[in-house]
Amino acid sequence: MNEVIPELLTYDEAALDRSFATLADEVRSEASALTTPEAQENFRLHWLGRKQGRLKLISEAWLKSAPAEARKPLGIRFNQLKQQIESALESPSATAKKPAEQGIDITLPGAVRAPGIPHPLLKTMHEIVSVFHHLGYSTNLGPQVESDFYNFEALNFPPNHPARDTQDTLQIAAQHTRPGRDRLLMRTHTSPVQIRTMVAQAPPIRIVIPGKVHRNDAADATHSPIFHQVEGLCVDTNITFSDLKGTLDHAMKALFGSAVKTRFFPSFFPFTEPSADVQISCIFCGGKGCRKCKHSGWIELLGCGMVDPAVFASVTAERRKTNPADDAYNPEKITGFAFGMGVERIAMIQHGISDIGHFYSGDMRFLEQFA
Ligand code: PHE
């Protein structure tokens, strides 16, 4: 090949830049055509060949007549040009075939992407919530880091009252300099959102509150320090205990099948009076008695009761801070009921799961069963 060596008339920076720009263009246009290994090799020889390579010929021609002070700027530019040539040889885009040219091997197994599913706990939580949505309830949420006031005081757990012992509370550190009611903790139940809702809005109220709660419990087959509850609150004129019974009886039948029966046992919660524990007839044996229901025929499922007037009093005190005449929660005029249930416990009964830990293990063999 008869190489044409471009002429370099002067050695000032501008002239150098111009000449090298022309060479760089040459390299770029040749590099774009490197579609085969042979073309690549020819390109390499053409530019980098040890004896007759274009780079070598040009650098010899230009350096020979260069004044001493032009040697350095020339050298720098030759190095840049060399790098450009080398990277054109390395760059896969210059040599790789386009995918369409490679063809597709239709004998390869396809890339199967498993579709995601809702986690079984979320699924159960949504089922519970949707039963109440159908009854006209809406959903409310609240913070997991809660103040002592909302988690306890406003719910009629006075400071230092033994009723607090039933809820092994995880306290947030370094709160002792704050006033008692402002001290932060991880909420032990979803009930504080009852207070938040009533402080924010006047009756009528029908809400469900799904969410995460925290207790300082040692993990075992039925306990986890983090678990989930769905709370319910209904406040209006003329709400009675029979409304509570009817609502929960319907909800249990919707969740576990129309054959289940419910019964209400006296219980205690500081924020409801009277309070009750709700049991459903054992869904495993139909009430005859089996290992699952400890041969009683009944399974205890949730707590509930009529909203205690002391709760309405704390709500009213809070509302009067912004509206001194507020009387929306006058217990002479309105009543309400509340209930709270554990999502894990319900999901375990629904699916016959014996260890709560499965929910949090992330074990695909467990989770896949709910797909
Ligand atoms: N908050 C109670 C608990 O976590 C449950 C409950 C809610 C009871 C509402 C009555 C009314 O134990």
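Predicted model: local features only at pLDDT ≥ 70, side-chain atom pairs only at ≥ 80, totals over all residues.
Asn 160 lies in the loop between α8 (148-151) and β3 (184-186). Its phi is near 65 degrees, a positive value in a residue other than glycine.

**The largest pocket**

About 1,600 Å³ of space lies in the largest pocket. It is lined by 49 residues, and those closest to its centre are Thr 222, Glu 300, Leu 301, Gly 342 and Arg 345. The lining divides into 21 nonpolar, 17 polar and 11 charged residues.

Which elements build this lining? At least two residues each come from strands β5, β6 (262-269), β7 (272-281), β8 and β9, and from helix α12 (343-351). Strand β8 gives the largest share, with 8 residues.

**The ligand**

Where does the ligand sit? It sits in the largest pocket. The shell around the ligand holds 14 residues, and His 189, Ser 191, Arg 215, Gln 229 and Phe 339 come nearest. By class, the shell has 5 nonpolar, 7 polar and 2 charged residues.

Three strands each supply at least two residues of this shell: β5 (226-236), β8 (298-307) and β9 (335-342). The largest share, 3 residues, comes from β9. In the pocket lining, by contrast, the largest share comes from β8. Strands β5, β8 and β9 each give at least two residues to the ligand shell, and each also gives at least two to the lining of the largest pocket.

The distances are tabulated here.

| Residue (polar side-chain atom) | Ligand atom | Distance |
|---|---|---|
| His 189 | nitrogen | 3.0 Å |
| Ser 191 | nitrogen | 2.9 Å |
| Gln 229 | oxygen | 2.9 Å |

How much of the ligand does the protein bury? Taken alone, the ligand exposes 330 Å², and the protein buries 92% of that. His 189, Ser 191 and Gln 229 are also among the residues that come nearest to the ligand.

**Backbone features**

Two cis peptide bonds deserve a look. One joins Pro 203 and Pro 204, with omega about 5 degrees. Pro 204 is placed in the loop between α9 (192-200) and β4 (205-214). The other runs from Glu 273 to Pro 274, with omega near -5 degrees. Pro 274 is found in strand β7. That strand supplies at least two residues to the lining of the largest pocket.

Methods. Residues numbered from 1 in each chain as written. Heavy atoms only, no water. Near = heavy atom within 4 Å. Polar contact = N/O pair within 3.5 Å; in protein donor to acceptor, adjacent residues only side chain to side chain. Areas by Shrake-Rupley, 256 points an atom, 1.4 Å probe, with all protein chains shown as cover. 1 Å grid on protein atoms, 1.4 Å probe; cavity = no way out; pocket = protein on both sides within 12 Å on 5 of 7 lines; lining within 4 Å. Sits in = over half its atoms within 2 Å of the grid points. Helix = DSSP H or I, 4+ residues; strand = E, 2+ residues; numbered from the N terminus. Nonpolar A, V, L, I, M, F, W, Y, C, P; charged D, E, K, R; others polar. Points joined across faces, edges and corners; volume = space filled by probe spheres on them.
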